[in-house]
Amino acid sequence: MTVLDRRTRSKPMVTIVVATRNRETYLADLLKSLTKQSFRSFEVVVVDDSDRKESGKAVSRIVGKFLKNLKIRLLRNPSRLGLPSSLNRGLAAAGGRIVAFTDDCIVDESWLKNMIRWYRCPKVGGVGGRVVPVEHDATWAQKRRSRPRVIGKVLHNGEVIGNFDLDAGPTLVDCLPGANMSFRRDLLLRVGGFSRAYGGNAYRFETDLSLRIKRLGYRIIFDPKAIVYHRRAPKGGARVDVYEWNYWFSRNHTIFLLTCLNHGALRAVFFVLREIVRVLKRKRACPYARPDAWHKVLLAKLRGALDGMSMGLKILTSLAIARGS
């Protein structure tokens, strides 16, 4: 099912793509905040990945309420597809030259304005901004940081430093946060969109994409004035329990290391050893929950790493075959 507002035929400069799953209240608050944007040349594409009939009906009602104030389309997945595939559906439907992505957020009034200004430079391929934790998310905000002045960097050992809540910059970065990022549409299509290899909580899907855009020779900017307020819903979306989260974290990060970085196998081994040490020290195991059984966390991480290595090798083999043909 698709709902389309046909009032405006002019082509927008920006398409905002939002994937939602069983989180209709959060979607309503996001759309309300979008009506207050100071930059107005945009459309919204909502991709509903809900697997509950009640949620699907509620999403339709919510989108209908905003047709008067937003140029908005609703795409409903025929079955649950997950985050990367849902965002790719939104990308395929996008009419804007710039495609922005966000999720369980309330966006600042100048969010789009502060991102779009950077695209005046033809060598800028992507722009993102701060993700400020509020409400439930604020209770899980990091108190200590190993690199408090580093934002959006992939280190030599494969570790990714986010720190996307910091009010610092603007600065060049390696990657952007999935809740607050934008890219040129032609570049997104050129790299094939988001990789569907990142399953479950989709961990590292945005890091993978950012690096592929950057390798084309484009700069990626973090602007702290482009703000979204992230609420972190306790369920729905890509949310899973603490043990499943650790499985997908380990699996997806291993895929990222093998397919996106040089000497990925060595980095993957280092990653597994580092995670074993973290579990033994009972360090933070999930960004929004605490485990009751640490041995289950370790088993989940190890199983995820093995599955990630298997998937990563399949991807590398497919790429080698494609290059040779």
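**Entry 1, ground rules.** I worked on a predicted model, in which local features need pLDDT of at least 70 and side-chain atom pairs count only at pLDDT 80 or more, while totals for chains, interfaces and linings use all residues. Residues are numbered from 1 along each chain as its sequence is written, and side-chain values use heavy atoms, with hydrogens and water left out.

I took helices (H or I, at least four residues) and strands (E, at least two) as DSSP runs, numbered from the N terminus. I looked up helix H1 (residues 24-34) and helix H2 (residues 53-65), and found that their axes come within 9 Å and cross at roughly 15°; the axes are lines fitted to C-alpha atoms, for helices over the stretch in contact, and the angles run from 0 to 180 degrees between N-to-C directions. H1 and H2 are therefore roughly parallel to each other, on a scale where angles under 35 degrees count as roughly parallel, over 145 as roughly antiparallel, 65 to 115 as roughly perpendicular and the rest as oblique. I noted the crossing of H1 and H2 as right-handed, that is, with the near helix turned clockwise from the far one by less than a right angle. On the H1 side the contact (heavy atoms within 4.5 Å) is made by Glu-24, Leu-27, Ala-28 and Leu-31, and on the H2 side by Ser-55, Ala-58, Val-59 and Ile-62. I sorted the residues of this contact into six nonpolar, one polar and one charged, where Ala, Val, Leu, Ile, Met, Phe, Trp, Tyr, Cys and Pro count as nonpolar, Asp, Glu, Lys and Arg as charged, and the others, Gly among them, as polar.

I then turned to helix H8 (264-280) and helix H9 (294-324), whose axes come within 10 Å and cross at roughly 175°. H8 and H9 are therefore roughly antiparallel to each other. H8 contributes Ala-268, Val-272, Glu-275, Ile-276 and Val-279 to the contact, and H9 contributes Trp-294, Val-297, Leu-298, Lys-301, Leu-302, Ala-305 and Met-309. By class I found 10 nonpolar, no polar and two charged residues in the contact of H8 with H9. In the loop between these helices I looked up Ala-293, which is buried at a relative accessible area of 14%, buried meaning under 20% relative accessible area, exposed over 50% and partly exposed in between (1.4 Å probe, protein chains only).

I paired rings of Phe, Tyr and Trp (its six-membered ring) if their centres lie within 6.5 Å, with planes under 30 degrees apart counted as stacked, over 60 as edge-to-face and the rest as tilted. By this rule the count comes to eight aromatic pairs. The rings of Phe-101 and Phe-194 have centres 5.1 Å apart and planes at 85°, so I recorded the pair as edge-to-face. This pair links distant parts of the chain, with Phe-101 in strand E5 (residues 98-102) and Phe-194 in the loop between helix H5 (185-190) and helix H6 (205-214), 93 residues apart. Phe-194 also forms a tilted pair with Phe-205, at 5.4 Å centre to centre and 50° between the planes. Phe-205 lies in helix H6 and Phe-194 in the loop between H5 and H6, so this pair ties together parts that are 11 residues apart in sequence. I found Phe-101 and Phe-194 buried, and Phe-205 is buried as well. In H6 as a whole, nine of the 10 residues are buried. I also noted one aromatic cluster, formed by Tyr-203, Trp-245, Phe-249 and Phe-271.

Most residues other than glycine have a negative phi, and most peptide bonds are trans. I found a cis peptide bond between Gly-169 and Pro-170, with omega about 5°; Pro-170 is in the loop between strand E9 (160-161) and strand E10 (171-172). Asn-163 lies in the loop between E9 and E10, has a positive phi near 55° and is buried at 10% relative accessible area. Ala-202, in the loop between H5 and H6, has a positive phi of about 60° and counts as buried at 2% relative accessibility.

I placed Val-14 in strand E2 (residues 14-20) and found it buried at 0% relative accessibility. Val-14 and Ala-100 are 86 residues apart in sequence and 7.0 Å apart in space, C-alpha to C-alpha.
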